[in-house]
Amino acid sequence: MKKIVLLLTSLMLVLTGCAKNVETDPNKPLAGTTIYVYNWGDYIAEDTIERFTKETGIKVVYEPFDSNEAMYAKYKSGAVNYDVLIPSDYMIQKLISENELLPLNFDNIPNAKYIDSSFKNLQYDPENAYSVPYMWGTLGILYNKEKVKEEVDSWDILWDSKYKGQIIMMDSVRDSFAVAFKRLGYSLNTTDKAQVDEAFATLVEQGPLVQAYVMDQVKDKMIGEEAALAVIYAGDAIYCMEQNENLAYAVPKEGTNFFVDAMVIPKTSKNKAGAEAFINFMNDPEIALNNTEYIGYSTPHAEAKAMLDEEVRNNPSAYPSKDIIDKCEVFIDLGQEMTAYYNDKWNELKASLR
Amino acid sequence: MNRKWLATPYLIWMVIFIVVPLLMILYYAFTAKDVNGTRLTFEHLMKSFDSKYMVALGKSFLYAFISTVICLILAYPLALILVKYNKGGSAMLFIFILPMWMNFLLRTYAWLSLLETNNGLVNTILRTLHLPTIDIIGTPKAIILGMVYNFLPFMVLPIYNALAKIDKSIMEAAYDLGANDFQRLLKVTIPLSMPGVMSGITMVFMPAVTTFVIPNLLGSGKVNLIGNIIEQQFLVTYDWGFGAALSLVLMIIILISMAIMRRNEEDMEGGAGLW
Amino acid sequence: MVKRGIEKIYLGLIMIFLYAPILTLMVFSFNNSKSRAKWGGFTLKWYKNMLHDPEISKSLYYTLLIALLASIIATIIGTLAAIGIHVMKKKTKTVVLNATYLPVLNADIVTGIAFMLFFVAIGLKLGFASMLIAHITFNIPYVILNILPKLSSLNKFTYEAALDLGAHPMQAIWKVIIPEIMPNIITGFLLAFTLSLDDFVISYFTTGGGVTNLSITVYTMTRRGIKPEINAVSTVLFLSILILLLIINKRSERNVKKMGGANI
């Protein structure tokens, strides 16, 4: 028995081990060096890393994370010396305020010129010194046209009792509070406890109408027509609409959150040149296009956007007009005390359900 | 050579990798950093007694308890049947362990596909048979189902082991002395299998109390259990002191309940810690 | 006879309950649509993709490697420990055992973070070694939990008789005790393997440098949606292990028949 176990296991190991070969070209200056990249799960085209290594000779050790916070916990522990991180807006701002990031040397990242100017100098990195945007998107309402016959243009519709049990909210403190804040007309980064309490109260009011607080299951639920309305990211909405033509997406008139995930270099980096080469490579128009098409979110890269299918480029869900963007806010870090306060309220909300 | 020295490699391992990390948890639970440096404090501990956390703790224990009881009720007869029909080789047993080798998250997602109200497979079948559909996603029932599903094999295994080692001659003796099947079960089998039952309860109850994936998925995010709250402290609010304190409270409650349970049974052969 | 029928039905129902989600997943691994909410037609493309996806191959490789190594090492250390603990004085025994169960008692995330902090404190860079150590540590209690009770039911005197007959203690242990507890050792090993295979939280916080496992890969996909290749990989893994077990079982059945009667 032991022999068979060993044989089969070694067979499996060999088979999977075979997939790890990678070419290197010794004529590249940074060839042979290594960089550690930490990114969202499933957030890069499948061949990008391979192509990068082929072109520069730099080996990439790639790790995925499933949330900004988990990334932060691991990063802060000093357990791994990451060279490139790709977190979201508010997390970048937090890292900047804690002096964790290295200013980028844009001479080494000439491709950064392709980034659309509306993505430069955003609130989380006002001097545009530490980050290069990677993907962005808006938060909006995905709805089923068969179940929702009226116009969807306001967050209020998620509080409409005729859709009781048909509403899906996000299982995320910031996102759900953002919806409540926007509905009440406040900033989604408010540190005013009275406003937070008000948002909390309105969410409690909504509680009985909500079918579920979920993350990625929202897609299957909407495609499967389990619900009428859902709060969702634009990229996911587009995917859902492709799968079920009864679905439509709208960004409410009160404005919403727009998120930006960007590439940064933490101070633990042991290969800054390699990291910058990576960021530069990711902004090569063809590579950026490839990544965008794979991921399905919106790209801040002007060239890549120009190369997209006309249908995608002109899709208002993916690339909303300027007046909608003007009403959108990026998340910024709230500081420890406020974060704890938001979180406490979130726990209270959950405790109040059923 | 005294056999007890065989345990030495383990003891060394244990001290380094179990005791020391535990001390770190205690450190975080009882200290807080502020402008003046680190100080000793009970504030984390005190905070855990706030009602919203106690409610979550209570719910977690309740669901874990219900799931454990259901697991026990389902597992015991199962183990009895498996032992009875075991003919050399524990293939049947492995068949019940096998599902655990499919990723936990994937299996839980699969339950979603099965149980969804409109589109789920179960309801689709029920509808074709003109039977009433079930709508349990987002309710405690779904969470308990998920827990039972995931932890059932952990209950079956030790009970099976315990039943398998019961000396057949004891059973025959009981029979000879005039006991019928039911009496034998009650007075001989069950008491003798107690160590296995206790072990099963331990392996099911504890992870059930701290699980957070199942309430998130099957509870549609509406039920906040202590596992979710602890996870938040470590990953969202970075209040590791509080997270550590909550875990400590949890640990102590469990240790106490285990100790009480043990006191109710007399010293079994080889009284073994939690056994 | 009715009893036999009821027993069979009961077994059958439990089997359906346990396997329904597994079969569902297998079916979806052939689904042409990425969404679990609709059937897009039959396809083998996820299986083809999975072989080319470096991330998935890597996770599979490490998952198996760590699970195998960790369970083997944990079984060895745990078996020796169980034998040793069994003969300890009551007080020491209780202390040791309660300490042993601490990883079992703690929420995964607490154990995971405690390990991470510990490794950072002693300067061990997170990677293969740290993940392996963590896995071994949480596996050992389960091995001990499986073996200890059986030791209590062994006939104490067989061991002593062996010593009396001139056997060296290690010989006596190897030839007398170990064969008696072998089924429990195997069960302990399997349990450890199962736990390692499926672990996410502890692995997440104790690994780094590109070492990952299947569970981490699956969890990190939850923001964007789980790729169907994962269903394919899981199906393959599951079926391989099933076939392996069936082969092992056939073999041991033959052995048992040769030895004339059940021994487990």
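**Notes on chains A and C**

Q: How many other C-beta atoms lie within 10 Å of E225(A)?
A: E225(A) has 18 other C-beta atoms within 10 Å and is partly exposed. A residue is buried with 20 or more other C-beta atoms within 10 Å of its own, exposed with 12 or fewer, and partly exposed in between, the C-beta atoms being placed from the backbone.

Q: What kind of model is this?
A: This is a predicted model, in which local features need pLDDT of at least 70, side-chain atom pairs count only at pLDDT 80 or more, and totals for chains, interfaces and linings use all residues. Residues are numbered from 1 along each chain as its sequence is written, while chains are lettered from A and ligands numbered from 1 in the order in which they are written.

Q: Back to E225(A): where is it found?
A: E225(A) sits in the loop between α7 (217–223) and β7 (229–233) of chain A. Helices (H or I, at least four residues) and strands (E, at least two) are DSSP runs, numbered from the N terminus. The phi of E225(A) is near 60°, a positive value in a residue other than glycine.

Q: And N99(A), what is its phi?
A: N99(A) has a positive phi of about 55°, although it is not a glycine. N99(A) is placed in the loop between α4 and β4 (131–144) of chain A, and it is exposed, with 8 other C-beta atoms within 10 Å.

Q: Is E98(A) buried or exposed?
A: E98(A) is exposed, with 12 other C-beta atoms within 10 Å. E98(A) also lies in the loop between α4 and β4 of chain A. From E98(A) to E286(A) the separation is 188 residues in sequence and 34 Å in space, C-alpha to C-alpha.

Q: How is chain A divided into domains?
A: Domain 1 covers 2–135 + 260–313 and domain 2 covers 137–258 + 320–352; such bounds come from an automatic or database domain assignment. The centres of the two domains of chain A, taken over C-alpha atoms, are 29 Å apart. Their contact takes 14 residues from domain 1 and nine residues from domain 2, where two residues are in contact if their C-beta atoms, placed from the backbone, lie within 7 Å.

Q: Which helix gives the most to the domain 1 side?
A: Helix α4 (residues 89–97) of chain A does, with five residues. The domain 1 side divides into seven nonpolar, five polar and two charged residues. Here Ala, Val, Leu, Ile, Met, Phe, Trp, Tyr, Cys and Pro count as nonpolar, Asp, Glu, Lys and Arg as charged, and the others, Gly among them, as polar.

Q: A change of topic: how many residues of chain C are in contact with chain B?
A: 79 residues of chain C touch 70 residues of chain B. Helix α1 (residues 2–28) of chain C gives the most to the chain C side, with 11 residues. That side has 54 nonpolar, 18 polar and seven charged residues.

Q: What is the secondary structure of chain C?
A: Chain C has 12 helices and zero strands. Of its 264 residues, 49% count as buried. Its C-alpha atoms fill a box of roughly 70 × 65 × 30 Å, taken along the principal axes. Among contacts in chain C with a separation of 6 or more, 78% come from residues 24 or more positions apart.
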